[in-house]
Amino acid sequence: MSNQELDALRGQLDLLNRELLELICKRGIITQEIAVVKQSQGIPKYDPVREKHMLDELAEANTGPFDEATIRHLFKQVFKASLDLQQKDHKKHLLVSRKRQTEDTIVRAKHVSIGGGAHLMVAGPCSVESRDQVRAVAAALKAAGVHVIRGGAFKPRTSPYDFQGLGVEGLQILKEAADEFGLVTISEIVNPAHMELAEQYIDVIQIGARNMQNFELLKAAGEARIPVLLKRGIAATMEEFLMAAEYVVSRGNTQVMLIERGIRTYEKWTRNTLDISAVPILKQESHLPVLVDVSHSTGRKDIVLPCAKAALAAGADGIMIEVHPDPPTALSDADQQLTIPQFDHFFTQLKQSGLFKGN
């Protein structure tokens, strides 16, 4: 074969390559349009039955020289690329996505702003147990310069026999102390029917890890008129976490914060495993503020300070920690709650590190 013949054949290949590229791009455009229709109808993007049908048809129509296995492999790669394209397009359209909104969302609860550079400290008891208990913590937080108090009134517990909170009375106690000391309140709501009640007593609705995929609760929070603090589920991927936030934002409530609180692994030396990598990834993928709960993620008082420093160094917008006047008598999570003097030391050390830049 002469060089002239070889060049002619290569020229044909170059032409076919361009034609194939044009056809693959056209196929990509059609798959994007299909994705829009599927999303509007709530249909899953991946359809294995449809894929098998297409591959069977292509294998039957194959006249060579490629064998059936090669044809199936080549088109599976095309199908996978098309599915990846659909998923990337979907992420671009998410309301919580950084691709949708480049600037950081600033969440505002009364006189406190979360996100945008300044760091937030959230502290308080795991459970609201009495007026004296909450008032003692509130007074200590005010003296320390902390603006936000947390406290559980509705407590979803693993055992049905454990203390599950004071309910509405707990919300009332929390509000009384917050009003007295000028604090912003965060408390968990577990029932969609309690959203209107929550708006009467608290400033920020917390949705806990066990309820991260309680979709009716997420929808109700999306229709609420106050900010939402959404905790990552104990076995949730970051994609599932952001999708849960999307449920809230898509219902109209754009004042949403994310909080990493540790995930469940095989490790036994900590209560959970603090996924510090979640902080920069969530900050990169989403415009929502990201906090880290160093109490639930570790369950250990002796490492909350280095973990809080790590969280801030990774880009977290704030820290949540549990504080109790007398932890040994606490009705829930006694081992992980700091005493008031321990919290004062923790917060002083954190500020002295230069990592915490408060409001």
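The largest cavity is lined by Ala 109, Val 112, Ile 114, Leu 120, Val 148, Val 184, Ile 186, Val 204 and Met 257. On a 1 Å grid over the protein atoms alone, a cavity is a set of points where a 1.4 Å probe fits but cannot get out, and lining residues have an atom within 4 Å of a point. The model is predicted, with local features requiring pLDDT of at least 70 and side-chain atom pairs pLDDT 80 or more, while totals for chains, interfaces and linings use all residues. Residues are numbered from 1 along each chain as its sequence is written, and side-chain values use heavy atoms, with hydrogens and water left out.

The structure holds 1 cavity of 30 Å³ or more, and the largest cavity contains about 30 Å³ of space, a volume being the space filled by probe spheres set on grid points joined across faces, edges and corners. At least two lining residues come from each of strand 2 (112-114) and strand 5 (184-188); strands (E, at least two residues) and helices (H or I, at least four) are DSSP runs numbered from the N terminus. The lining comprises 9 nonpolar, no polar and no charged residues, where Ala, Val, Leu, Ile, Met, Phe, Trp, Tyr, Cys and Pro count as nonpolar, Asp, Glu, Lys and Arg as charged, and the others, Gly among them, as polar.

Helix 7 (residues 215-222) packs against helix 8 (residues 238-250) at an angle of about 45°, with the axes 6 Å apart. Axes are lines fitted to C-alpha atoms, for helices over the stretch in contact, and angles run from 0 to 180 degrees between N-to-C directions. Helix 7 is therefore oblique to helix 8, given that angles under 35 degrees count as roughly parallel, over 145 as roughly antiparallel, 65 to 115 as roughly perpendicular and the rest as oblique. Phe 215, Leu 218, Lys 219, Ala 221 and Gly 222 of helix 7 make the contact (heavy atoms within 4.5 Å) with Ala 244, Tyr 247 and Val 248 of helix 8. These contact residues divide into 6 nonpolar, 1 polar and 1 charged.

Helix 8 also packs with helix 9 (residues 278-285), at about 50° and with axes 11 Å apart; the two helices are therefore oblique to each other. Here Met 238, Phe 241 and Leu 242 of helix 8 meet Ala 278, Ile 281, Leu 282 and Glu 285 of helix 9.

In the backbone, the peptide bond from Gly 64 to Pro 65 is cis, with omega near 5°, and Pro 65 lies in the loop between helix 2 (48-61) and helix 3 (68-93).

Notes
On a 1 Å grid over the protein atoms alone, a cavity is a set of points where a 1.4 Å probe fits but cannot get out, and a pocket is an open set with protein on both sides within 12 Å along at least five of seven lines; lining residues have an atom within 4 Å of a point.
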